[in-house]
Amino acid sequence: MKTEEADEQLLIEAAQKNPGRFAELYEANFERVYAYVASRVRDRDEAQDVTADVFHKALANLPRFEWRGAPFAAWLYRIAANAIADRAARAARERAIPPPDDPPFDDPGLEDVERRARLFRMVRSLPKDQHRVIELRFAEGMSIREIAGLMGRTEGAVKQLQFRALETLRARWAAETGGAHA
Amino acid sequence: MPKRSLSGQLDAALDAILARRRALDRRAVESTGESAESPEAARFYGKRREATELEAAAGALPERLEPLAALAKDLIDLPRNDFRRNLKAELERRAIMSGTAKPALEKSRVSPIPEGYHTAAPYLVVRGAARAIEFYKNAFGATEVMRLRMPDGSLGHAEIQIGDSRIMLSDEFPGYGAVSPESLGGSPVSLHLYTVDTDALLARAAAAGATITAPAADRDYGERSASLTDPFGHKWTISTHLEDMTFEQYQQRLAAGMLPGSGEAASRRAKPASFVRPGFHAAGVYLTVSDGVEALDFYKRAFGAVETESMRFVDPSGRVAHSEITIGDSGIMISDEFADYNSYAPQHFGGSPVRIHLYVEDVDALAAQAIAAGAKAIRPVEDQFYGYRSGQLEDPFGHLWILSSRIEDLSTEEVERRAAEFAKRQAEAAAAEQPAADGGTIPGREGFTAVTPYITVRRGDELLDFVKNVLGATETFRSTGGSAGGIHVEARIGNSMVMIGSAPNVEERPAALHVYVDDVDAAYRKALEIGATSLSEPTDQPYGERGASVKDVSGNFWYLARSLSGRPTPEGLRTVTPYFHPRSGAQMIDFLKRAFGAEEVARYQDASGAIVHARVTIAGAAIEMGEAHGPYQPMPMAIYLYVRHVDATYRRALDAGATSVLAPTDQPYGDRNAWVRDPEGYTWYIATPLGGATL
């Protein structure tokens, strides 16, 4: 058994005994679940709703989780897929049209999801100013002008920060994975 | 081809990626409205398109930028940081509630000023803080950061974020001096918000329910601004900083009668680095004071404020029309009162619903400095359960300041746990101090229980005749005096005391009282003989008493009764018990519980749910009630209530919804007391005998 798996198993057992330890499982898996959900729902609000839903369900069902060798993430992806399908069925019912027989997507690549999740985590480790710019630009959808106003810097300075942030990410990505991004 | 910097070229590519992305989102939303496609299908097909369209959007890039653009494409679904944090907090809360987890208590050296805060933050008191948070979200795009709910459901503390600034708020707690603009009839503090687009924010706020008090306009000081009042009575000015201007430029402009919006000014405009005025944050305060020059001097001495002297504008009469100071990293604006602009100092309202919260390095040192400069301590500097050391001051101009330093870094869960513990301790302390009387005596006030009816009439002698002749009362104390020729009498009826106050022009406060007598029929006859009118003739009641009721010449209702079995006054009961006729019995009982720690002993409701009869006790002394009906309309009488701690009970009564008539005062007759009126209009004299005093 790989050490990563062993660690995860210990974490799961700890959280099953003491729900207070669930936060660690959450930290280890948040970006994955979010990236998975975001790639399959319509917009950010819905991605947040479904992600919250997934973790609440996971916390509630954790005592029944049995370690069978599959990674914990696979269990979370399953909960997420069901949550998304439920929503589709509910939305369809509300709009009085038949729900799709199958979720209308194949598996658009868990590899993509894992890659994005890893990148999201990497953003959190950026230097503070660079992190802020990336967060405001991508997560908050702000323009360079708005960010400049908010941070009290010139637009040129913010563009420069943004450039440096992406450069940092590229360099770290290469260092961590030993290869180019995607 | 024009030469552009790499960062500029990259940004153009990102713009394209993000714009395509937004367009796809919109298309997905629209498609769900019109087509039979499920949102997921729309999203899926959207995603398919997206992949290729994003490729196209990035266009041709220099080789060095291509990997960066590729990274950017993977970042378009980047989760919001506050979402991740909030969800974690929510899950931890839930995990803790589900049982076994214990929050880790880490105590370490922490920075006294928590990260993400500026020195100054507005602290708003709002009637309906929870609703206000929703409003500020809708109107100003605020995000909720935290809320601390009190056991009774009210908001003890909440924080929202607007732009780079934190705003704190709480519900009203009149007992702690936290009053809303609605209670004060306005506010001497205007909240200042800087926004990138004043017109858009104004429209949004107005749509959410704000009242516009000044439309958006370019101001000669280089800002576009507008003013509004929110539905809770707080005043806001929203502004966009348009140009950086020196004082000299501003003076020249005033002299030339030129507005920044005019062509000439616009062409000269120096484009500012930020929409926020230099030295300020997204949210700040504008204080109105009764003496601007004095106040500026005081804030410098008290808080080490630095004035931007070039921004002080004094009108010909010497009043400060505008000034700016900086405390720590935060700008604060100050002016004198100007009725034309509806700006008044705290004295005009009798207080302020906005406190200025300062995070400081050393709260004790700064508080001492401010007090030496003339501030008054409202709440002493103390360690607070939520991990801060803080105190509250009132400056000589009536503005309220909270000074605070962080001493422990606590998780939200730990704060909530401690809040619950704190509330529990408060309740226990309240319960411990509540029973002023057990079995019926007040130390220093022989014969009195916690609850004594206080009947105020104009013809006191006639009332005394009634209680002596009909009820067999004996006078135990009388004092006359006062220029109005009033009397205060205390009389014993059976095992109970009543107080009677009388003066020729006093506002009469007749009472309704349940009183046990030896012979109901005889008392009823005697009452009518001396002028009382009958409300109901003597009858045997199904609940085992014979009863009759009369109204005396002063308008008091007397419910005469005796038990049909055994002694006339049932075992354990008082001869005289106040009988309330509130409009809402449930609300009255709730008030008595919260204000005075009353216990509900019995409640009888009819089929419609109306409270026909209920009985509560305060420190063992009973009050009965039946909701107002027919001839028994609300009769808000007065009760003299003996408690252990007048001041604490007074505060709780106000928090429970009473209004203050008289704050706690030592009286010459040997009691410390306070007067409040409850929501049904009953008057409560909350009292405790002063040690050693004699009547």
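This is a predicted model: local features need pLDDT of at least 70, side-chain atom pairs count only at pLDDT 80 or more; totals for chains, interfaces and linings use all residues.
In the hairpin of strand 31 of chain B and strand 32 of chain B, which residue takes a positive phi? It is B:G670, with a phi near 95°, in a hairpin that has 4 residues between the strands. Residues are numbered from 1 along each chain as its sequence is written, and chains are lettered from A and ligands numbered from 1 in the order in which they are written.

View 1. Strand 31 (residues 659-666) runs antiparallel to strand 32 (residues 671-677), with 5 bridges joining them; strands are DSSP runs of E of at least two residues, helices runs of H or I of at least four, both numbered from the N terminus, and two strands pair if DSSP finds at least two bridges between them. B:T659 has B:R677 as its bridge partner in strand 32 of chain B. Strand 32 of chain B is also joined by 7 bridges to strand 33 (residues 683-689) of chain B, again antiparallel, and there B:N673 is partnered by B:A687. The hairpin of strands 32 and 33 of chain B has 5 residues between them, and B:G681 in the turn has a positive phi of about 95°.

**View 2. Helix 7 against helix 8 in chain A.** The axes (lines fitted to C-alpha atoms, for helices over the stretch in contact, with angles from 0 to 180 degrees between N-to-C directions) of helix 7 and helix 8 (residues 155-177) of chain A come within 9 Å and cross at roughly 105°. That makes helix 7 of chain A roughly perpendicular (65 to 115 degrees) to helix 8 of chain A. Residues in contact, with C-beta atoms placed from the backbone within 7 Å, are A:I144, A:R145, A:I147, A:A148 and A:M151 of helix 7, which meet A:E155, A:V158 and A:K159 of helix 8. After helix 7 of chain A comes A:G152, whose phi is positive, near 65°.

**View 3. Helix 10 against helix 12 in chain B.** Helix 10 (residues 292-303) and helix 12 (residues 363-373) of chain B have axes that come within 7 Å and cross at roughly 145°. Here B:F298, B:R301, B:A302 and B:F303 of helix 10 meet B:L366, B:Q369, B:A370 and B:A373 of helix 12.

Methods:
Two residues are in contact if their C-beta atoms, placed from the backbone, lie within 7 Å. Angles under 35 degrees count as roughly parallel, over 145 as roughly antiparallel, 65 to 115 as roughly perpendicular and the rest as oblique.
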